[in-house]
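Please look over the sequence and the model below before reading the briefing that follows.

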Amino acid sequence: VRNLTMHFDIHAGILRRKVGAVRAVDGLSFDIMQGETLGLVGESGCGKSTTGRAILRLYDPTDGSVKIDGVDIASLNTSDLRKARPQMQMIFQDPQASLNPRMNVSEIIAEPLREHTKMDSAARDARVRELMDAVGLNRAFASRYPHEFSGGQRQRIGIARALALNPKFIVCDEPIAALDVSIQAQVVNLLEDLQRELGLTYLFISHDLSMVRHLATRVAVMYLGKIVELAPRDALYSDPHHPYTQALLSAVPVADPEVEATRKQIILEGDVPSPAKPPEGCNFCTRCPKVMDICRKVSPEFREHAPGRFSACHLMDE
Ligand code: SF4
Ligand code: MG
């Protein structure tokens with residue numbers, strides 16, 4: 001991903017003139033390695049979901065490139081994009097909203113097969129059964145409708161549909177956030193098992209830092225449309241470099257009671273600025289406990305300060 005940018009124009013008045021733009025995603029550059037889970041974390045509204053959608057071309061990015069095996073997804077025309085579509089899929093937050101209530105399970109899972117392959121109906125049925133097995137859904141339920149299932153089972157249907165075309169890369173957008181806590185772990189375990197068996201690569205979007213710690217290989221932290229830090233999982237959690245990451249992690253309870261007793265939460269003052277009017281200089285300068293004069297004038301560059309450790313902060317340049 002290079003310089004990925006997604007601005008939404010703001011129009012106003014009876015002539016609907018453009019009066020500004022929401023900088024939802026503002027020039028992201030990072031790599032996702034084959035077979036890894038890159039966690040993408042940050043508070044709601046920071047641009048995580050928009051990033052996932054722009055990478056998959058569910059939105060047309062304003063600028064930037066997204067190469068999968070050398071092919072720039074961001075610049076494909078409609079027919080080439082259609083051909084590239086099977087290799088990259090999305091698992092959505094709300095399985096209820098993303099499943100057509102008038103289609104039964106086998107129709108839902110078979111839909112991408114019907115759209116993108118020449119399989120006959122017998123082959124499609126066989127593939128649907130295989131996918132139901134893979135995600136732990138009872139084959140006997142193939143003719144039931146989404147409302148007849150629990151939230152966790154509906155997410156399994158969504159996962160089966162996402163796997164139908166043998167994708168290599170899946171964006172998981174808060175795939176467990178809408179589920180009961182009691183079944184979140186089952187769905188996470190399923191995603192991990194499938195990754196291992198099928199060699200999948202995940203971009204795992206979540207606001208849940210404990211969950212991401214459990215399953216990510218590396219973690220990227222977003223604030224106000226930008227990635228502020230990206231690092232291998234253990235390095236990020238044990239030694240966060242960026243002041244925003246430090247504040248985010250300070251709010252996460254620690255399992256070890258001795259460590260928990262000494263945990264000092266960093267409280268950030270003020271609200272996140274509007275992405276239609278981000279501050280001059282560093283995006284985080286209005287709330288950063290370590291802000292310096294330069295931060296209000298010059299935007300820090302996102303770069304590799306130590307092997308595998310990227311961040312955007314003037315403190316790292318000292
Ligand atoms: Fe804080 Fe300055 Fe670093 Fe931004 S560049 S995170 S304001 S110290
Ligand atoms: Mg979101």
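**Briefing on the chain and its domains**

Among contacts in the chain between residues at least 6 apart in sequence, 61% join residues at least 24 apart, where a contact means that the C-beta atoms, placed from the backbone, lie within 7 Å. This is a predicted model, in which local features need pLDDT of at least 70 and side-chain atom pairs count only at pLDDT 80 or more, while totals for chains, interfaces and linings use all residues. Residues are numbered from 1 along each chain as its sequence is written, with chains lettered from A and ligands numbered from 1 in the order in which they are written.

**Overall form**

- The chain holds eleven helices and 13 strands, which are DSSP runs numbered from the N terminus (helices H or I, at least four residues; strands E, at least two).
- The C-alpha atoms fill a box of roughly 70 × 60 × 40 Å, taken along the principal axes.

**Domains**

- The assignment, which is automatic or from a database, gives domain 1 (2-216) and domain 2 (237-318).
- The C-alpha centres of domain 1 and domain 2 lie 29 Å apart, and their contact takes eleven residues from domain 1 and nine residues from domain 2.
- On the side of domain 1 that touches domain 2, the elements giving two or more residues are β2 (17-28) and α8 (209-215), and β2 provides the largest share, four residues.

**Ligand 1**

- Around ligand 1 there are 13 residues, of which C282, C285, C288, C295 and C313 come nearest; a residue is near if its C-beta atom, placed from the backbone, lies within 6 Å.

Notes
Two residues are in contact if their C-beta atoms, placed from the backbone, lie within 7 Å.
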